[in-house]
Amino acid sequence: MKRFAALYQELDRSTATLDKRAALVTYFRDAPPRDAVWALYLLAGGKITSARRKIAGSAELRAWISAASDTPAWLVDASYDQVGDLAETLALLMPDPDPALADPERGLADWIEEVLLPIANRDESERRDIIVAAWRGMALSERLVFNKMLTGALRVGVSQRMVQQALAEMSGVPIARIAQRMLGTWTPSPAFLRDLLSAEALPGDRQQPYPFFLASPLEADPATLGPIDDWVIEWKWDGIRAQLIRRHGEVALWSRGEERLDGRFPEVEAAAHALRVDCVLDGELLAWQEDAAGPMPFSALQTRIQRLKPGPKWLAEAPVRMLAYDLLELDGADLRERPQSERRAMLETLLRQHPDPRLSLSPAVSPASWEAAAALRRESRERDVEGFMLKRASAPYQSGRRRGDWWKWKIDPLTIDAVLLYAQSGHGRRSTLYTDYTFGLWQGDALVPIAKAYSGLDDKEILELDRWLRAHTRERFGPVRSVDPVQVFELGFEGVNLSKRHKSGVAVRFPRILRWRRDKPADQADQLDTLKALAR
């Protein structure tokens, strides 16, 4: 554990990408394979605790540290509110052990495989005794990392791609191959690490999807991209990004979130089986009625996402199709290095030979100029799309977010003016500031909460608003403050759906603060009915 704790400290203290990558290379090169693969799992976002594998809940950890450190429960809660990170709070409240009484060194894998995983889902008293005994035998840096594993909050400024870059640098294996092998669910083991870093092609490589190529938001004038004829322009759909894989007659559906969706969208899988040719398609899953001109709202698709085997009722109420916009593989040949225009032409030929509305081509548009494209883009909301995807015609299909070849040119967000009602302190570096806000709209003479937003203000505005919040607090509810309802903010969001689960009757997608409306009194903020009128 000492080695992994030292790596965590080095990553946490460094702000330079190259220094972080060098630290990762050194760790993966020197650590035993069992420890290295668990470190990879954790740094890539894996968690050892979950709803099905309970090791310690947040309330339990607070109660255990209160008893073990002889700290009143209210003081534990107050310390957490101040620190903003539960793992760090727990580590600070427990005193360091007497060096003579410290536990013998255990590696990271030993702690996980021999101590933590075996106590998952056992009685609370048994789990408590093991965790508290571990705390008593660890120094502060080790306790912090240990607690980070328990809380599942091992965020240290390292992306999955940075970890993959370090592994590629260390092993000489192309990063695209490493990224592909890490897709989906995998079990940390020395065998997995060996295969991950193998320079040879492995049978499993053909069973995985390809890493997704991600677009960057276009904020500049599209005319800066050069001649419009150099670009493939497609509608940007509001669905679920997925890869449809047909290999050796077997079909698999993978989401961008690296989750297999097999069985959830049987109509799409049936269309893939009917292709009679092996291929890998990149596209969008959309709820779409057979005779409709456009897709159903995203909320209709949401009714299908969590249903592992949808019945006839759901298949009829929210039928799903896939609009394909890229062809990554055909008859076993990897096409990703071919130009975008060539891949699209091959995709058009493939789908034209196998017509099926359940698996069809995402249409391209061909405006004569960027001005004409901008005019067409203004019709996006009426077409139930989010704007345009701009893809350089000569570009290969890359992995991850690579600026320059794929852009998403989205329409401006929907907006409302809402009143600030509640505020809560943030976490981590913002734990001492109120940065999580709840906003409301008028319904008659009452303000009804409609959304939370965490982003959009700059540092100066955050500090100014924090001072105002502390001076205008009405009530406190733990870490939450209700404040004088006088500050108005313009909120932006991507969509609105009617919702029976929300008190307001609506749910907004991706809300964020656009600006502080200092010029607007609270009684002129928007009505709830105005927001409901925007719902699809």
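**Helices that cross and strands that pair**

Trainee: Is the crossing of helix 5 and helix 6 left-handed or right-handed?

Mentor: The crossing of helix 5 and helix 6 is right-handed. A crossing is right-handed if the near helix is turned clockwise from the far one by less than a right angle, and left-handed if anticlockwise. Helices (H or I, at least four residues) and strands (E, at least two) are DSSP runs, numbered from the N terminus. Before we go on, this is a predicted model, in which local features need pLDDT of at least 70, side-chain atom pairs count only at pLDDT 80 or more, and totals for chains, interfaces and linings use all residues. Residues are numbered from 1 along each chain as its sequence is written, and side-chain values use heavy atoms, with hydrogens and water left out.

Trainee: At roughly what angle do the axes of helix 5 and helix 6 cross?

Mentor: The axes of helix 5 (residues 73-83) and helix 6 (residues 86-93) cross at roughly 125° and come within 9 Å. Helix 5 is therefore oblique to helix 6. Axes are lines fitted to C-alpha atoms, for helices over the stretch in contact, with angles from 0 to 180 degrees between N-to-C directions. Under 35 degrees counts as roughly parallel, over 145 as roughly antiparallel, 65 to 115 as roughly perpendicular and the rest as oblique.

Trainee: Which residues of helix 5 and helix 6 meet?

Mentor: From helix 5, Val76, Ser79, Tyr80 and Val83 meet Leu86, Glu88, Thr89, Leu92 and Leu93 of helix 6 (contact means heavy atoms within 4.5 Å). The residues of this contact of helix 5 with helix 6 are six nonpolar, two polar and one charged. Ala, Val, Leu, Ile, Met, Phe, Trp, Tyr, Cys and Pro count as nonpolar, Asp, Glu, Lys and Arg as charged, and the others, Gly among them, as polar.

Trainee: What is the angle between helix 1 and helix 2?

Mentor: Helix 1 (residues 2-13) and helix 2 (residues 17-30) have axes that cross at roughly 170° and come within 9 Å. That angle is why helix 1 and helix 2 are roughly antiparallel. Arg3, Phe4, Leu7, Glu10 and Leu11 in helix 1 touch Lys20, Ala23, Leu24, Tyr27 and Asp30 in helix 2. By class, the contact of helix 1 with helix 2 has six nonpolar, no polar and four charged residues.

Trainee: At what angle does helix 2 pack with helix 10?

Mentor: Helix 2 and helix 10 (residues 160-171) pack at about 60°, their axes 9 Å apart. Helix 2 and helix 10 are therefore oblique, and their crossing is right-handed.

Trainee: Let's turn to the sheet. What is the order of its five strands?

Mentor: This open sheet has the order 2-13-11-3-10, with mixed pairing (two strands pair if DSSP finds at least two bridges between them). Strand 2 (216-217) and strand 10 (364-365) are the edge strands, each pairing on one side only. Strand 2 pairs with strand 13 (residues 406-410) in the parallel sense over two bridges. There, Ser216 has Trp407 as its bridge partner, and Pro217 stands opposite Lys408. Helix 16 (residues 340-353) packs on the sheet, touching strand 3 (231-235), strand 10, strand 11 (387-392) and strand 13, and its direction makes about 50° with that of strand 3.

Trainee: In what sense do strand 11 and strand 13 pair?

Mentor: Strand 11 and strand 13 pair in the antiparallel sense, over five bridges. Look for Met389, whose bridge partner in strand 13 is Lys408. Helix 17 (residues 370-377) lies across strand 3, strand 10, strand 11 and strand 13, running at about 55° to strand 13.
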